[in-house]
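Hi,

Here is the structure I promised to pass on.

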Amino acid sequence: MSTVAFIALGANLGQPVLQLQHALDLLAKLPQSQLLQQSSFYSSSAIGYTDQPDFINAVAKLETTLSAAALLQAMLGIEAECGRQRTFQDAPRTLDLDLLLYGDALIRQDHLIVPHPRMHQRAFVLRPLTEIAPDIIIPGMGSASDFLPLVADQQLSLLTVSKPLG
């Protein structure tokens, strides 16, 4: 049985736009999965550790028969392939992939929490997510669009407009 998952993409080292495009290509090639949609690319300031370049962000919609854990492992593999190094929390990165939603699942495991615990607090997640899924519900929380006014003060700039896949 397939599940629709939403994945946040972010990068601020190297060539972030190219990194995100490459990551989307790799997501599209995942086994037992189909990339259904991708958002526009957005530029955002760093949160947490702020002494670093701005990020380029997007969200992808993927249909998959992979389990949430297997999808996470595949995402970590894509990050590694793109040169991701985990030096400290909120560090600059060549690529960051976060599993935001996995169907309507509520998952609480040591290395996997779905829905992503801070997704409703981040404009760089909510804007691209609601762009491609305007009526999406965050399980256990409510409509993602209801959280947009709460992050309106976070600077976010539209860089590219999404194009239909295929």
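This is a predicted model: local features need pLDDT of at least 70, side-chain atom pairs count only at pLDDT 80 or more; totals for chains, interfaces and linings use all residues.

Let me start with Ile 136. Setting aside anything within four places in sequence, Ile 136 is in contact with Phe 6, Leu 101, Leu 129, Gly 142, Ser 143 and Ala 144 (contact being heavy atoms within 4.5 Å). Ile 136 sits in the loop between helix H3 (123-132) and strand E8 (137-138), and it counts as buried at 16% relative accessibility. Buried here is under 20% relative accessible area, exposed is over 50% and partly exposed lies in between, with a 1.4 Å probe and protein chains only.

Residues are numbered from 1 along each chain as its sequence is written, and side-chain values use heavy atoms, with hydrogens and water left out.

Next, Ser 33, which lies in strand E2 (residues 33-38) and is buried, with a relative accessible area of 16%. Its side chain makes a polar contact with the side chain of Thr 64 at 2.7 Å, and also reaches the backbone oxygen of Pro 31 at 3.0 Å. (A polar contact is a pair of N or O atoms within 3.5 Å; within protein, one must be able to donate a hydrogen and the other to accept it, and residues adjacent in sequence count only if both atoms are side-chain atoms.) Not counting residues up to four places away in sequence, Ser 33 touches Ala 28, Leu 62, Glu 63, Thr 64 and Leu 66.

As for salt bridges, the count comes to one, taking a side-chain nitrogen of Lys or Arg within 4 Å of a carboxyl oxygen of Asp or Glu. The partners are Asp 96 and Arg 93, whose closest N and O atoms are 3.1 Å apart. Both Asp 96 and Arg 93 are buried.

Now the whole chain. The protein has three helices and ten strands (DSSP runs numbered from the N terminus: H or I of at least four residues for helices, E of at least two for strands). Buried residues account for 48% of the 166 residues. Of the contacts between residues at least 6 apart in sequence, 68% join residues at least 24 apart. Along its principal axes, the C-alpha trace spans about 45 × 35 × 35 Å.

Cheers
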